Amino acid sequence: MLSIFLILLLFSLSLQGGNCTSPLFRFCFNHENYTDSSPYATNLNQLFDLLYTKVPPTGFALGSIGQGLDQVNGLALCRGDVNTTNCMSCVNEATKKLQERCPNKKGAIVWYDYCLLKYSNEHFFGEIDEKNKFYMINIYDVDDPTTFYAKVNELLTTLSYNASQTPKLYATGELQLQESQTLYGLAQCTRDLFGPGCKKCLDDAIAELPNCCDGKQGARVVGGSCYVRYEIYPIVEA
């Protein structure tokens with residue numbers, strides 16, 4: 001299956017208010033269906049309950065329910081700075097949204113500012129998800145794209161390494177651009193990846209930025225296993 005890419009153009013102000021009320025995007029990536037009365041449906045509901053229960057206090061949950069063709073695998077990940085209450089609320093909302101937007105599909109993923117939720121009948125733990133991916137772009141341009149992107153690459157490359165070295169596979173940072181301007185960055189992986197796998201995922205995401213988002217004041221490359229983001233305003237909770 002070919003990788004799926006979607007470019008979303010968003011105003012800078014619309015990117016600032018992180019919450020779990022509206023999904024960033026979702027994919028119903030499996031064309032196989034299940035019926036409401038099937039063992040798969042029962043296992044999926046149990047998996048959603050398991051992930052919701054397990055996600056606090058670390059912000060990550062992984063699990064499988066069932067056996068054979070009825071097994072369902074899933075994970076939930078909250079952004080590294082999100083508190084337990086908001087994390088659980090986001091995962092709960094994500095569960096409802098997937099059931100609403102991807103009814104009876106055996107594989108789906110949804111992203112919010114605060115969390116992501118993914119499930120599949122295929123075992124995907126420990127593998128970099130190259131298929132489910134999209135971009136978000138700040139529509140405003142910078143004055144000097146070459147110089148600006150060099151700084152973006154410098155910051156995000158550092159964060160890629162830092163994230164891969166931490167148990168949470170998460171890192172944030174900032175870089176002073178001018179006396180009155182600061183560049184902010186974030187890098188995070190799902191914790192079914194090991195450090196080297198996380199770094200590869202993040203480095204590959206960073207390498208896509210010149211093609212999707214060159215010269216923009218802010219952007220995200222968001223995937224099923226990792227994502228990177230930069231902006232010229234703070235992007236995490238204080």
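Predicted model: local features only at pLDDT ≥ 70, side-chain atom pairs only at ≥ 80, totals over all residues.
Q: What do the side chains of Asp-81 and Arg-79 meet in?

A: They meet in a salt bridge, with 2.7 Å from N to O. The rule asks for a side-chain nitrogen of Lys or Arg within 4 Å of a carboxyl oxygen of Asp or Glu. Applied here, this rule gives a count of 13 salt bridges.

Q: With which residue does Arg-220 form a salt bridge?

A: Its partner is Asp-113, and the closest N and O atoms are 2.9 Å apart. This pair links distant parts of the chain: Arg-220 sits in strand β10 (residues 219-223) and Asp-113 in the loop between β5 (107-111) and β6 (115-120), 107 residues apart. Helices (H or I, at least four residues) and strands (E, at least two) are DSSP runs, numbered from the N terminus. Arg-220 is buried at 3% relative accessible area, and Asp-113 is buried at 9%. A network of salt bridges links Asp-113, Arg-220, Arg-229 and Glu-231.

Q: How many residues apart in helix α4 are Lys-199 and Asp-203?

A: They are 4 residues apart in α4 (residues 195-213), which means a separation of about one helical turn.

Q: How many residues are in the largest nonpolar core?

A: The general idea first: in soluble globular proteins, nonpolar side chains tend to be buried together. A nonpolar core is a set of buried Ala, Val, Leu, Ile, Met, Phe, Trp, Tyr and Cys residues joined through side-chain atoms within 4.5 Å. Here the largest one has 30 residues, and Val-152, Leu-156, Leu-202, Leu-209, Val-228 and Tyr-230 have the most contacts inside it. Two or more residues each come from β7 (133-138), α3 (145-164), β8 (170-178), β9 (181-189), α4, β10 and β11 (226-231). The largest share, 8 residues, is from α4. A second, separate core has 27 residues, including Tyr-34, Ala-61, Ala-76 and Tyr-119.

Q: And which residues line the second largest pocket?

A: Rolling a probe the size of a water molecule over the atoms shows where empty space is left. On a 1 Å grid over the protein atoms alone, a pocket is an open set of points where a 1.4 Å probe fits, with protein on both sides within 12 Å along at least five of seven lines; lining residues have an atom within 4 Å of a point. Among the lining residues of the second largest pocket are Asp-141, Phe-148, Lys-151, Gln-178 and Ile-232. The elements that give two or more residues to this lining are α3 and β8, and α3 gives the most, with 3 residues.

Key: Residues numbered from 1 in each chain as written. Heavy atoms only, no water. Buried < 20%, exposed > 50% of the residue type's maximum accessible area, 1.4 Å probe, protein only.
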